[in-house]
Amino acid sequence: MSVVFQKPKSLTSKELHYCPGCPHGIIHRLVAEAIDNLGIEGRTIGVAPVGCSVMAYDYFTCDMVEAAHGRAPAVATGLKRSLPEDIIFTYQGDGDLASIGMAETVHAATRNENITVIFVNNAIYGMTGGQMAPTSLPGQVTQTSPYGRDVKTQGYPIKVCELLSALDAPYYIERVAVNNVKNVLKAKKAIEKAFRNQIEGKGFSLIEVVSACPTNWGLTPQKALEWVEDKMIPYYPLGVYKDRSEEAN
Amino acid sequence: MAKVTFNEDICKGCGLCVDACPKHILAIDRNKINRKGHNPAVMTDQSKCIACAFCATMCPDCVITVEK
Amino acid sequence: MSEKVLMKGNEAIAEAALRSGCLHYFGYPITPQTELTAYMAKRLPKMEGGVFLQAESEISAINMVYGVAGTGKRVMTSSSSPGISLKQEGISYIAGSDLPAVIVNVQRGGPGLGGIQPSQSDYFQATKGGGHGDYHLIVLAPSSVQEMADLTSLAFDLADKYRCPAMLLADGTMGQMMEPVVLPEPRTGIVEKPWAVTGTQMKREHNIINSLYLSPEILEKTNFERYKRYETIQEKEVRYESYLMDDAQYCIVAFGIAARVAKNAITALRNQGLKVGLIRPITLWPFPTDAIREAADKVKGFVSVELSMGQMIEDVRLAEECKRPVLLCNRAGGMIPNVDMVISSVNALKNQVEGGR
């Protein structure tokens, strides 16, 4: 008997606090699998955001830093500039990365900062009870858009991959999803690539993971993943948005 | 020759594994309540398992270990 | 090599930081401290392991500082009043995570966008919090370009010793003036920091740099532990200058540029026959409470000379426990009290206390 699948070593034994069916657990595991496969656990430092995954520092076995809301790319920049041989990743939600942290995100990207950014986009502010996010869809009902997001007064969603790809500098930007097995396996590959890029000193890699929030969307885990397929992915198409590696030329 | 182990105590009964299984051999056991207060997912017919690990791939809580 | 060089205050801070083993600097241009940023931009890229980055904002800069501080290395940021306001959340995080770092505030007139001339109106912000939560910064107030250098070195040492951020609270005059200075001897400033995040190398449990404690019992405990360290700082690290206090009948309390004006006023007042002395706090936190309380037993009154609407005067009154009158001699908005104004204030105090002409 050989093991086909088991919990990665880079995840601690602490039980995850996320809601049943929350894809954070899947995405944490994909990050840990990448760290395991690349053999970098001993020289990785992760930066946790403010959001449902604020306590990510308890779930990864590597050194971890808790950042102020939105500031993870700046904290990661400090870490990377101090320890260029270490592998630095941030793990951020949509409020953290695309609302309060938009400046830090854009500037880390435009500096081609050699870090790995994992961006979890579930179109809502989960931790604080379901308010509108910069990535909430037009018409989406949230606690702060109770009549549905009105684009006239509340603006249109931000498409982070498209936005950052307009910059010259960032090395790799890809959008993936985790709503079914096929997509999870693609996401796993993308996340590992984003870490490998950093190991090779290539620069800024961002993987946007289209995720879900069953609790605040008011859906079962199954229905939530269907909503990802039917509504989120058409608005946020999956694929590689920026690839400055030689193969892409 | 496939063996799937569930760490029932940490299962949150989300059911994503049940949906993912191509052999439809997983189910939420409504007669069991684990120490977290959830109905955990269980294997109903190990002999049909092909060790594809789709269940474990979709599980957010690393409940499932797959061996072959 | 203890030669004297003529340097601008802002640049003396930068050079002293580099000689204290600070190889990481993040900043943003803002008057009147931009020379510090520019100096670091020129020097750090040429130094082995030197990191200079002009951040996208003062907020990003303080968070970059937080990142480097977590790795246990010496790191600095500098700004002026409005930029320091932006940094407050980050400073609270640094304090709450028990990290050493040095923050330089070259104060300008406020509030709001204010002006670009000197002030001391960030005293409250520096000494009473500024950021949210219970914490203190070690606050050092230089009064000469020499002290801009010396206190920068001291700031790094104290920050490392107590795992606490330190602030150099200068004003625009200190930043802009040029004076001869003996720079500190270069040192690595490397201190063992087993709590730092550097990568576990698979040899230890992971370290976590964090200030989040959802359990109120644990958060309370961290607060009380931190305050024990602050008590030690208050016992051991108070610094002040006592100038002509031995026979003083009146005491001026002033720091930074105000202290220099006060000394000239004291010379003039003593020529007029009035015995006046100066207590010049060098640490604004911890405040030289004992020195002022002891002086209150000997002098008839105090004058607090400030470039603000009166902030340090509250600490003077607290320290002397309402034993004696305390007058405020102040200018604001970038104006600097002059010698005549200080003389008038002391005379007004004398008239109030002794009555008569």
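Predicted model: local features only at pLDDT ≥ 70, side-chain atom pairs only at ≥ 80, totals over all residues.
**Entry 1: confidence**

I checked the scores before anything else. The model scores ipTM 0.97 and pTM 0.94. For chain C I read an average pLDDT of 97, with 99% of the residues at 70 or above.

**Entry 2: chain C overall**

I looked up the make-up of chain C. I found 13 helices and 15 strands in it. Its radius of gyration is 21 Å, close to the 21 Å given by the globule rule for 357 residues, so chain C is as compact as a globular protein of that length. Along the principal axes, the C-alpha atoms of chain C fill a box of roughly 80 × 50 × 40 Å.

I then looked at burial. Of the 357 residues in chain C, 57% are buried. I also looked at contacts in chain C between residues at least 6 apart in sequence. Of these, 79% join residues at least 24 apart.

**Entry 3: the seven-stranded sheet of chain C**

I traced an open sheet of 7 strands in chain C. The order reads β3-β2-β4-β5-β7-β6-β13, and the pairing is mixed. At the edges I found β3 (51-54) and β13 (283-285) of chain C, each pairing on one side only. From one strand to the next the twist averages 20°.

β6 (138-140) and β7 (165-171) of chain C run parallel, with 3 bridges between them. C:Ile138 has C:Ala166 of β7(C) as its bridge partner.

**Entry 4: strand β12 of chain C**

I asked how many of the residues of β12(C) are buried. For this strand, residues 276-281, the count is 6 of 6. I then sorted the residues by face. C:Val276, C:Leu278 and C:Arg280 are on one side. C:Gly277, C:Ile279 and C:Pro281 are on the other. Both faces are covered, and these residues are all buried.

Next I looked for the partners of β12(C). Strand β10 (240-243) of chain C joins β12(C) through 4 bridges and runs antiparallel to it. There, C:Tyr243 stands opposite C:Leu278. Strand β11 (250-253) of chain C also joins β12(C) through 4 bridges, but this pair runs parallel. C:Cys251 has C:Gly277 as its bridge partner in β12(C).

**Entry 5: where chain A meets chain C**

I counted both sides of this interface. Chain A gives 29 residues, in contact with 33 residues of chain C. On the chain A side, the elements giving two or more residues are β2 (44-48), β3 (63-66), α2 (72-82) and α4 (102-110). The largest share, 8 residues, comes from α2(A). By class, the chain A side has 14 nonpolar, 7 polar and 8 charged residues.

β3(A) and β9 (208-209) of chain C pair in the parallel sense over 2 bridges. The bridge partner of A:Met64 in β9(C) is C:Ile208.

**Entry 6: the sheet that takes in both chains**

A:Thr90 stands opposite A:Val117 in β5(A).

**Entry 7: where chain B meets chain A**

I counted 23 residues of chain B in contact with 24 residues of chain A. On the chain B side, α1 (16-20), α2 (54-58) and β4 (64-67) give two or more residues. The largest share, 4 residues, comes from α2(B). By class, the chain B side has 12 nonpolar, 5 polar and 6 charged residues.

Strands pair here as well. β1 (3-5) of chain A and β4(B) are antiparallel over 2 bridges. A:Val3 has B:Glu67 as its bridge partner in β4(B).

Definitions and conventions
Residues numbered from 1 in each chain as written. Chains lettered and ligands numbered in written order. Rg over C-alpha atoms; globule rule 2.2 N^0.38 Å. Buried ≥ 20, exposed ≤ 12 C-beta atoms within 10 Å, placed from the backbone. Contact = placed C-beta atoms within 7 Å. Nonpolar A, V, L, I, M, F, W, Y, C, P; charged D, E, K, R; others polar. Pairing = 2+ DSSP bridges. pLDDT = per-residue confidence, 0-100. Axes fitted to C-alpha atoms, helices over the stretch in contact; angles between N-to-C directions.
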